[in-house]
Amino acid sequence: MCYRFLMLLVLTLVLLPCVSFAAEAKPNVVFLFADDQRADTIGALGNPHIKTPNLDQLVRSGFVFRNAYCLGANVPAVCTPSRNMLLSGRAFFRWQGPQAQPDMPNIPTSMKAAGYETYHHGKRGNTSPAIQALFNHNKYVVDNDDRTNGEPCQTIVDEAIGFLKSRERDKPVFIYLAFSNPHDPRVAAKKYMDLYERDKIPLPKNYLPLHPFNNGEQFVRDELLAPFPRTPDDVRKHLHDYYAVISAMDHHIGRLFSALKELGMYDNTVFIYSADHGLALGSHGLFGKQNLYEAGMKPPLVFAGPRVPRGETQALVYLLDIFPTVCDLVGADVPAGLDGKSLKPVIEGKSSGVRDTLFLAYREVQRAVRDNRWKLIRYPQVNVTQLFDLQTDPDEIANLADQPQHAQRIQSLTAELQRWQKSLIDTTPLVVDQPQDPRWDPSQAPPPAAGKAKARQSKS
């Protein structure tokens with residue numbers, strides 16, 4: 001009896017440290033989510049003209065997805081469906097109403113079930129309040145104040161640092177910081193503006209004064225932030241503000257990294273950095289995200305942290321893949337019925353991708369599909385098709401749709417687009433009986449000042 005007691009005592013002493021280590025080893029997760037940030041606006045991702053030293057550090061230590069997309073939107077405020085898809089892992093076609101239902105699987109519920117303390121602090125407008133209410137800690141910033149005080153995202157970072165320093169550290173933490181920047185209005189303090197010489201900021205390679213045809217959203221709110229036609233000076237002015245705000249964000253993100261290091265949490269934290277979609281800012285003569293070009297639909301996507309190798313991939317992924325990926329990375333159950341797919345096999349080098357093609361949709365006016373090389377965009381309301389070879393033309397400058405040698409390719413890509421539509425229950429026709437004239441008259445636009453007033457009033 002005494003022998004058995006001694007053996008039990010020895011086993012207990014041996015196993016207790018293992019149990020403790022396992023609990024400590026469960027990583028924290030810090031998910032940083034920007035608003036309106038193009039994929040090409042981080043220095044380490046290939047833009048030598050923008051200054052983002054802290055994000056560069058994250059990129060160089062982590063795993064980059066070069067082809068991450070927002071699936072699209074059913075409303076002009078693309079932010080809303082994007083954030084609902086992100087938190088629910090489901091395409092917007094699945095919802096019974098304007099937003100994802102909070103009683104279905106979602107990030108905060110899954111993270112809490114996995115033993116995480118959950119914290120959200122972010123922008124209030126055009127987001128997912130019903131799902132965000134499920135976080136243990138749910139806070140909102142005043143969007144306009146955050147965008148105009150000269151120190152974008154400082155308030156969110158300040159309060160996140162305060163939370164981290166004051167919390168009981170008896171369980172891992174999942175933090176979702178949903179910044180309201182670099183969405184307009186864009187105001188950065190002089191020290192950030194002075195990082196750039198405006199006349200040396202290059203225009204996008206696909207800059208145009210005007211979009212070549214009516215894409216169905218020529219006069220939507222974002223397109224009224226600058227006059228028609230778009231001049232190089234107008235575009236550089238917007239890019240200067242945009243870059244300065246991103247540099248300011250980078251500064252405050254660096255403060256968060258420093259705080260995590262001081263608290264001894266940094267090395268056991270999985271970091272995710274992304275944004276809800278991109279932004280045109282002069283590409284193709286456009287300024288907003290109400291389009292299916294690469295500039296409009298592609299944000300950055302980076303994972304970094306313990307057991308995340310350095311590297312990058314060209315795999316075709318959606319933002320709604322982040323939900324199942326986080327579950328998979330931290331050992332939580334991945335809910336059934338998601339449109340999103342775990343990217344863990346790609347991160348670990350066990351798979352080159354999770355899907356062969358991507359489908360994109362914007363309201364009833366634009367549809368697109370792409371594979372690893374080709375991209376087809378269809379504008380059914382005006383009977384216009386575009387075909388781009390992304391391998392040789394990543395900026396989508398040369399439309400090849402009218403070249404006879406690509407007729408079969410257009411046919412096969414259109415069939416794939418229709419297959420996607422069927423799988424997502426998208427009933428939008430690709431051909432309409434009476435298409436509109438694709439020509440458009442920029443002189444019919446409301447004056448730019450009206451657009452700016454709308455921008456100030458918008459919560460997006």
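Helices (H or I, at least four residues) and strands (E, at least two) are taken here as DSSP runs, numbered from the N terminus. The structure is a predicted model, in which local features need pLDDT of at least 70 and side-chain atom pairs count only at pLDDT 80 or more, while totals for chains, interfaces and linings use all residues. Residues are numbered from 1 along each chain as its sequence is written, and side-chain values use heavy atoms, with hydrogens and water left out.

Buried means under 20% relative accessible area, exposed means over 50%, and partly exposed lies in between (1.4 Å probe, protein chains only). Among the buried residues are Cys-79, Pro-81, Arg-83 and Asn-84. Their packing partners, judged by contact (heavy atoms within 4.5 Å), include strand 1 (28-34), helix 4 (107-113), strand 6 (173-178) and helix 11 (322-330).

Rolling a probe the size of a water molecule over the atoms shows where empty space is left. On a 1 Å grid over the protein atoms alone, a cavity is a set of points where a 1.4 Å probe fits but cannot get out, and lining residues have an atom within 4 Å of a point. Grid points are joined across faces, edges and corners, and a volume is the space filled by probe spheres set on the points. The whole structure holds one cavity of 30 Å³ or more, and the largest cavity has about 40 Å³ of space. Helix 3 gives the most to its lining, with three residues. The lining includes Ser-82, Met-85 and Leu-86, along with Cys-70 and Tyr-318.

Most residues other than glycine have a negative phi, and most peptide bonds are trans. Asp-36, however, is not a glycine and has a positive phi of about 75°; this residue sits in the loop between strand 1 and helix 2 (53-61) and counts as buried at 0% relative accessibility. Ile-425 likewise has a positive phi, of about 60°, but is exposed, with a relative accessible area of 60%. Cis peptide bonds join Asn-181 to Pro-182, with omega about 5°, and Phe-228 to Pro-229, with omega about -10°.

Key:
On a 1 Å grid over the protein atoms alone, a cavity is a set of points where a 1.4 Å probe fits but cannot get out, and a pocket is an open set with protein on both sides within 12 Å along at least five of seven lines; lining residues have an atom within 4 Å of a point.
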